[in-house]
There are 2 protein chains.
Amino acid sequence: MVVDIEQAVIEAILGGRMRPGTRLGESDLAELFDVSRTRVREAMMRLETRGIVQVLPRRGWFVVEPSADEARAAFHARRVIETGLLHMVSAMPASALAGLRRHVEIERAAIAGGDIGSSACLLGDFHIHLAEVCGNPLLTEILRDLTARTVLVSMLYQSRDDAAASNDDHVAILDALEAQDFPRAAALMAEHIDHVEAGLDLTLQPDRLAGLRELFITDAAGPAGAPPHGATDVAAALRPHPPAATPPGAILSQQPKDD
Amino acid sequence: MVVDIEQAVIEAILGGRMRPGTRLGESDLAELFDVSRTRVREAMMRLETRGIVQVLPRRGWFVVEPSADEARAAFHARRVIETGLLHMVSAMPASALAGLRRHVEIERAAIAGGDIGSSACLLGDFHIHLAEVCGNPLLTEILRDLTARTVLVSMLYQSRDDAAASNDDHVAILDALEAQDFPRAAALMAEHIDHVEAGLDLTLQPDRLAGLRELFITDAAGPAGAPPHGATDVAAALRPHPPAATPPGAILSQQPKDD
DNA sequence: CCCATCAGCCTTGTATGCAAGGGTTCATCT
DNA sequence: AGATGAACCCTTGCATACAAGGCTGATGGG
């Protein structure tokens, strides 16, 4: 299904595996997912209308590289929606709160364990889950896409990333929700998103080489064998689970269709 | 361009010319816009990801007919975003206010003139313009799509439509904005959207024949000459300016929402 | 007379083929 | 050597052809 490609790209972004500017060649993706270019184009166009990728005519599809203005707009939009959502909530079921508690606990563990990749992913997931339990699928969808954008922004402009502070913020928000103090939860959410945005340096020129640089840092042994097209390895990014030493020829093609 | 088709559909919906459930045949649109089916499919798929149309496999593309739950979700989303937006605004340029003042004046005139079609369109446009002057293109886009949805909802579930009251609400919101009392503006906005939603009867079975019924009411002279494809005339709906076949004054004023 | 079955048509679904345009590289000229 | 131009290759853009499935209408049987 075409939704697989879309979802794979979104998840790769949310999981921090796919950087802004990554080229998504139609033929490459077609081969990777074992579908025709037609399906890939469908997925790309859907992702384009969701603001996740953009096309440069005759050049190719690329994961968006939000400008500073677009970055600010994305954070502003999240502030608007997430605080609006909390302001308007009138009650939250205990089960939902429990689920969110579990989530922040997992966050904490991942951060304590130093797992940068999955902790970033989990921190973003918190907001999506929070939207989910508010019961509006439209807003959940919108926030998922906005979160993907802000994750991309973070990759481009990140100057510091205080995951522990974010986790603390999440806990504080949950405390307010548990106390049924929704205005306070909304205020805390606004502050939290402010903190995250403040951790960026939007005056910075986007660091387009960050992905490549990381490759050299983390994998200094074999830098000569560069990926065929461009700086980032699309196949690796799209693979459901992070780096991992490449299993013998196990790309996405041999996964069952029903996923 | 493919964006033309997308935009034409959106505008036809916002303008109240295209009803929920309208079938959008690929070949028909291709002929209408003089493009190939490929381009039409692109547009449809983009509109599908925006939640405006849906595809029934091997059946065709249709303008969405939101269920009662989806209707509530759409209004809720608008409440969340529009109140959140106003809550977060810290200043509004005088020129923007002036533009909005002009807009509500035009609304008033259209309502006074009994121009049902364009007054409904203008009432929706107010919210989009308000979002626009808040300066966040992302949210503007999102609200445009949500507004299109709520317009469709209104067509399906409308029991009464107090355009004058909506216009009054808009004026009150503008007054609050002019007084720099943004929390009050947000509260008024929440009330306003509540009013609009309250004017619907979401327990009602959607009236799928409303479009056809209207055709017979307004055009009783020649009911035999039915539109070539299905109940609603896609070509007429997509045409930038309303009916045109009948003298301007007569039709629109005598459109009672019979219910 | 009514109902079931089947064939034809009309719809979307999907792949493939060709066209168009931009980048890169190599060769040639200054 | 450097610059410039052209040819090639690789990319997306787009249309068309065919496949698959549902709906409708006709036809035959009960």
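**Notebook: a protein–DNA model, chain A and its DNA neighbours**

I started at the DNA and noted that a polar side-chain atom of Arg58(A) lies 2.9 Å from a base nitrogen of DNA strand C, a pair that falls under the polar-contact definition (two N or O atoms within 3.5 Å; within protein, one must be able to donate a hydrogen and the other to accept it, and residues adjacent in sequence count only if both atoms are side-chain atoms). Before going on I wrote down that this is a predicted model, in which local features need pLDDT of at least 70 and side-chain atom pairs count only at pLDDT 80 or more, while totals for chains, interfaces and linings use all residues. I also wrote down that residues are numbered from 1 along each chain as its sequence is written, that chains are lettered from A and ligands numbered from 1 in the order in which they are written, and that side-chain values use heavy atoms, with hydrogens and water left out.

**Entry 1: DNA strand C**

I looked up which residues surround this strand, taking a residue as near if one of its heavy atoms lies within 4 Å of the strand. There are 15 residues around DNA strand C, and Ser36(A), Thr38(A), Arg58(A), Arg41(B) and Arg58(B) come nearest. Of the atoms of DNA strand C that come within 4 Å of the protein, sugar and phosphate account for 60%.

I then sorted the surface near DNA strand C by class and got two nonpolar, four polar and nine charged residues, where Ala, Val, Leu, Ile, Met, Phe, Trp, Tyr, Cys and Pro count as nonpolar, Asp, Glu, Lys and Arg as charged, and the others, Gly among them, as polar. At least two residues of this surface come from each of α3 (37-49) of chain A, α3 (37-49) of chain B and β2 (60-63) of chain B; the elements are DSSP runs, with helices (H or I) of at least four residues and strands (E) of at least two, numbered from the N terminus.

**Entry 2: DNA strand D**

Around DNA strand D I noted 17 residues, of which Arg41(A), Arg58(A), Ser36(B), Thr38(B) and Arg58(B) come nearest. Sugar or phosphate holds 65% of the atoms of DNA strand D within 4 Å of the protein, and the rest belong to bases. The side chain of Arg58(A) places an N or O atom 2.8 Å from a base oxygen of DNA strand D, and the side chain of Arg37(A) has one 3.2 Å from a base nitrogen. From chain B, a polar side-chain atom of Arg59(B) lies 3.3 Å from a phosphate oxygen of DNA strand D. By class I recorded three nonpolar, five polar and nine charged residues near DNA strand D, with α3 and β2 of chain A and α3 of chain B each supplying at least two residues of the surface.

I next traced strand β1 (residues 53-56) of chain A, which runs antiparallel to strand β2 (residues 60-63) of chain A and is joined to β2 by four bridges; two strands pair if DSSP finds at least two bridges between them. Gln54(A) has Phe62(A) in β2(A) as its bridge partner. Three residues lie between the strands of this hairpin, in which Arg58(A) takes a positive phi near 65°.

**Entry 3: chain A as a whole**

Chain A has 11 helices and two strands, and along the sequence I read the pattern α-α-α-β-β-α-α-α-α-α-α-α-α. Of its 259 residues, 47% are buried, meaning under 20% relative accessible area, with exposed over 50% and partly exposed in between (1.4 Å probe, protein chains only).

**Entry 4: three residues of chain A**

Which residues does Thr49(A) touch, not counting residues up to four places away in sequence? Thr49(A), in helix α3, touches Arg46(B) and Thr49(B) on that count, contact meaning heavy atoms within 4.5 Å. A polar atom of the Thr49(A) side chain lies 3.0 Å from the backbone oxygen of Arg46(A).

In helix α8 of chain A I looked up His170(A), which is buried, with a relative accessible area of 0%. Its side chain makes a polar contact of 3.0 Å with the side chain of His192(A), and among the residues that His170(A) touches, leaving aside those up to four places away in sequence, are Val104(A), Glu107(A) and Phe126(A).

Asp175(A) is also found in helix α8 (residues 163-178), but is partly exposed, with a relative accessible area of 39%. Between Asp175(A) and Leu97(A) I noted 9.5 Å, C-alpha to C-alpha, at 78 residues apart in sequence.
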